[in-house]
There are 2 protein chains.
Amino acid sequence: MEEQMDYSMAWLSYRKIPWYPDREYFRKIYVQENEAVIHTAAKELSRAAEAMFDESPQIITILKEAPENSSAGIYLYTDKNGPGNGGYHLYEEGGRLTITAEEPSGILYGCFALIRKVQRQQPLKNLDYKEVPDNPLRMLNHWDNMDGSIERGYSGDSFFFKNQELLINERTADYARLVSSIGINGVVINNVNVKENATKLISEDYAEDLKQLAMIFRNYGISLYLSLNFAAPMELGGLDTADPEAAEVRDWWEKQMKQVYASVPDLGGFLVKADSEGRPGPFTYQRTHAQGANMLAKAVKPYGGVIIWRCFVYNCTQDWRDRKTDRARSAYDSFSPLDGQFEDNVILQIKNGPMDFQVREPVSSLFGALQRTRQILEVQIAQEYTGQQRHVCYLIPEFKEILEFHTCCTKERDTVADIISGRAFPQFAGGITAVANTGSDTNWTGHDLAAANWFGFGRLAFSTSLSAGEIAEEWCECTFGPDKEITEAVCRILMMSWPAYEKYTSPLGIGWMVNPHNHYGPNVDGYEYDRWGTYHRADHYGLGVERGSKGTGYAQTYLEANASMYETIEDCPEELLLFFHYVPYTYRLKNGKTLIQHIYDTHFEGVEDVQKMIALWNGIRERIPEDIFMRVSERLEHQLEHAKEWRDQINTYFYRKSFIEDEKGRKIY
Amino acid sequence: MEEQMDYSMAWLSYRKIPWYPDREYFRKIYVQENEAVIHTAAKELSRAAEAMFDESPQIITILKEAPENSSAGIYLYTDKNGPGNGGYHLYEEGGRLTITAEEPSGILYGCFALIRKVQRQQPLKNLDYKEVPDNPLRMLNHWDNMDGSIERGYSGDSFFFKNQELLINERTADYARLVSSIGINGVVINNVNVKENATKLISEDYAEDLKQLAMIFRNYGISLYLSLNFAAPMELGGLDTADPEAAEVRDWWEKQMKQVYASVPDLGGFLVKADSEGRPGPFTYQRTHAQGANMLAKAVKPYGGVIIWRCFVYNCTQDWRDRKTDRARSAYDSFSPLDGQFEDNVILQIKNGPMDFQVREPVSSLFGALQRTRQILEVQIAQEYTGQQRHVCYLIPEFKEILEFHTCCTKERDTVADIISGRAFPQFAGGITAVANTGSDTNWTGHDLAAANWFGFGRLAFSTSLSAGEIAEEWCECTFGPDKEITEAVCRILMMSWPAYEKYTSPLGIGWMVNPHNHYGPNVDGYEYDRWGTYHRADHYGLGVERGSKGTGYAQTYLEANASMYETIEDCPEELLLFFHYVPYTYRLKNGKTLIQHIYDTHFEGVEDVQKMIALWNGIRERIPEDIFMRVSERLEHQLEHAKEWRDQINTYFYRKSFIEDEKGRKIY
């Protein structure tokens, strides 16, 4: 049965522009012959022009070289001397708008950049704009299951899978348009926890479907990737081992990859979660992660594929009584000794923090420790721990902080952005990926404002120097049109949302304090006596985890000067104080407040911030489409109630434990 | 497909008796003609004799009157002058063993009593034993769902239902044998939460199956009961209301009951959970529970049926911040004003405590408050909050305390046992029911020792004056044979198990402190900030819920002198101290210990008690069948680890909160 397609196009929902002076350029589009991606680009321009100002451009095929002395219009062509690696040059000269690039994908990105300028009604005359992506790999990881569910999905079911089958339809193409428009060039469609039928995605059963899907992606400059089950030789191949050093296992993978690449010759490669949270991996056979990853890497090398190997490895059966084991150390301890041992088509994928996508964590100490290994930074726009797309939480400011963190691995160019882009160690370029926040909901992301994270992630992945504010503004104007009042209100909401969420949830980097399993809503002791290594250690006197050299020593896994900075309470950045140290409630922060008063104050402030966000949103009611307004309003009301629940539970918990009164005498239960 | 039947017969697993002096009696059994239940009784005697000492009795049909001058053997016959109401007289005289009773069911119970004596190898010569059941209704409530699952079931799937169908097979008959052998005379086969197909149990769809099941039950003196969906007129009948005062609703029920009773003329009646935890009920229509229950009662009255109406009604969406609402008051507040308003075939079913089957609760204040209403005491042998049949927790001592509680409703005969039996208010006799602990496991109850609760409940329901120790001994010797060493070890384990469980879990009547949803394992704050009305209110200074007149006033819902006793910390029985009062950690108990030291000490002691239980069990290893020994051992080892987890979480929680050291300096985390 055909699915009913009923969804918006998010920031590509083109609005009519009543009077558009630059429509002239759009009468004719000159495109190169035989370049599918460039034809896609021209089609997108055409579609945008028709929708926004009823112009139906004539598309004219030209030779590969740009014609001299040609007439007004838009010219799309590759040029060996143009910007490479997906970059483009977009300029206007004498009535001609030109987009040139070394690669067809650059042309496509240039076209979407042009469309954004039109959506924002910016003048095109004398435009001269160059953009080259900072990161070779700019990916989305979908945690979609083949039964149609999405692990940690908060916006409906999967649009990639249903009833163990791939869905390939209009929405697939529209998904490709959306992600291509923000510069994404790689998509992993299935959950990293590869079980049951998902193991068979690399078998003949799904070959024809993958071929079709890859074709749709290919036209938009996107490579298809799959998550892999390390135990596939046993579960799929019927072998009695998956030992990466066993000849029959190597042979099986080689054979299997040959077959997969026969269907999809430009398959990007595979993402692997191994020896993590119960998934199989090389440890079963006393092999290292390097042995596991390299074995797979050799199998895909002939086809130009890569193996992306996740570093999210830790002991998930810890005893809460054990204060020596520290989950924060785990990725570092497992992978830093392997630096330099990986094949050049292996890329390690490292979560931004040492724990798991909390609202505040330090940057993983693996960044900087690894200097001879390709690395992908993994962030999560699915708001697992940041409000699950029922709370507004614009995460781009957080990602900016992560990217700009100085790891001290080189004298210059030592930030996370420098490392993953290859600026720090040019042989070892990688990229950035986000766990996706999309689903089959009408608006793709459940919360309409969560689309800013989707859009923003792509834009930031492409150009890490963009500011969070610039990106918010761009998303807002593409989505709602260039209306100053909307832009101001929405951008203020977005920019205050992450700090607000941090204020009313777990304080100063300690993390968790959420309900087990679903990870939603407050539960201070929810994980305190559990096996996940995620503790706050609060008692009558104070709270926090001692991770300096007198504690678990995690601070010492950083390079200098970071190690020294994190070592002491005095030097540790205050937003991470409880992550690195056990601190008494009476400790005075730099602003003169005690720790406990800071906890009380921020929790009251966080709720007030949500009230401000609601007032801002209500202020633009008449300017926002009714359905979007109502959807967002409903979620904001829930967010307010839920923020109060957080405030009251956290404050009550610490008041009952410390018995220290709120200086301001506010209601604590 | 036929189910593989593989299960023990629990305490009816007859053992060979190598030399049995009293086998003579079993050569001939004289039974009355035309009495199905008496024939069942004879068959049971015969089966027991064959299994235990290879005697195949000749069954001889006699006239209704006992023949004079008859020969040696066993005589089973009803006698208008014999004990009534299911009672029996079992005596030996001149080589004749006679069991006589006013009703056939009395004969059956007498036979099972005789079998128990044989199992225990007690002499039969000159035996003269009378037993009359204290309670008219002695029931089991199965919370079995039609998909085969069991709500709060800890011993496998349902043996009543599978795939929306009734299971009627050999195990059904064996179930009837087991429950009849302990005097149960009513069984509700389906979950009180009646949804989906279970609503249709009263429709033609299941009429034939119910007829068959009722026949099996009938031969063992058991009446079949069903749980009812109050909204059935809508969900099944297609009406647009279930208003008990609407004529079409009354008509629908009358019609429906006529049809049900046409299939099963002796159907006992119906159990109803209404307006509770989301189930439909009369409140939807602004009607009282009395109106709801009476409407149904009138519909079943022509057939002699009863309506058993549960009093488990409370607000399950409470705000944890609200200290005025008290779930403990709820049943009292809802039902005490309705006393005297119920039809005489309505029986209110009241949970033993005002909350929900915690390891320690006061007796519900509804007992004593209701004086013109029939009442059933509801206890739970499914160990939902008492170790889920992975921990040993012999509950008969608890049930004894409940039954012997003086409600002060009359000068004499004022205990709960007096009320439900009808001794207190003879017009208003009711009975006792237990939420069953059985399932499709080989041993019926998961934990082999949990069978003592099943057996014990039946025996206690029949004869409330039996002691918990007597019952334990009887169960043990029927199950394992009369081996003094086994009896001593097992009875010691059983008798120490409830106190041990209380010691290492939540202290002094406060309850909960368990993981939400599954209710298993420690989680001190698990329900503290939730909507279920189940709080401990612990802070740095103390803990407990103030339920005296300065608190929620629940203590004042008791009759004098109980109200005064519960009112003050000084007079309140210490085992219920935290249920009724907020008490500082430094408060000194009557034994001179502070409250906090009591918490620490009992939690260490509870674990030591489990260690003792393990030592006792290991001491009889050679005497216990290997499979049973291993199953119990495995569970005891788990219980020990789990008791330690309880100990450490509870002690750590209160140490971190109070910062008061353990006087004995033991390890607290």
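How many residues does helix H4 of chain A have, and how far does it reach from its first C-alpha to its last? In this predicted model, helix H4 covers residues 207–218, has 12 residues and reaches 16 Å, close to the 16 Å expected at 1.5 Å a residue. Its buried residues are Ala207(A), Asp209(A), Leu210(A), Leu213(A), Ala214(A), Ile216(A) and Phe217(A). These buried residues pack against strand E9 (165–166), helix H3 (170–181), strand E10, strand E11 (223–228) and helix H6 (247–263) of chain A.

Two of those partners, E10 and E11, lead on to the barrel of chain A. Here 8 strands close up in the order E7-E10-E11-E12-E13-E14-E15-E16, with parallel pairing. From one strand to the next, the twist averages 25°. Helix H12 (residues 451–462) of chain A packs on the sheet, where it touches E7, E15 (374–380) and E16 (431–435), and its direction makes about 155° with that of E7(A). Strand E7 (residues 137–141) runs parallel to strand E10 (residues 186–188), and 3 bridges join the pair. Within this pairing, Met139(A) stands opposite Gly186(A) in E10(A).

An unreviewed UniProt entry lists residues 118–444 of chain A as "domain: Glycosyl hydrolase family 67 catalytic". In the model, that span is 25% helix and 15% strand, and its end C-alpha atoms lie 23 Å apart.

Technical notes:
Residues numbered from 1 in each chain as written. Chains lettered and ligands numbered in written order. Predicted model: local features only at pLDDT ≥ 70, side-chain atom pairs only at ≥ 80, totals over all residues. Heavy atoms only, no water. UniProt positions renumbered as here; feature names shortened; annotations may be inferred. Helix = DSSP H or I, 4+ residues; strand = E, 2+ residues; numbered from the N terminus. Pairing = 2+ DSSP bridges. Axes fitted to C-alpha atoms, helices over the stretch in contact; angles between N-to-C directions. Contact = heavy atoms within 4.5 Å. Expected span 1.5 Å × (residues − 1). Buried < 20%, exposed > 50% of the residue type's maximum accessible area, 1.4 Å probe, protein only.
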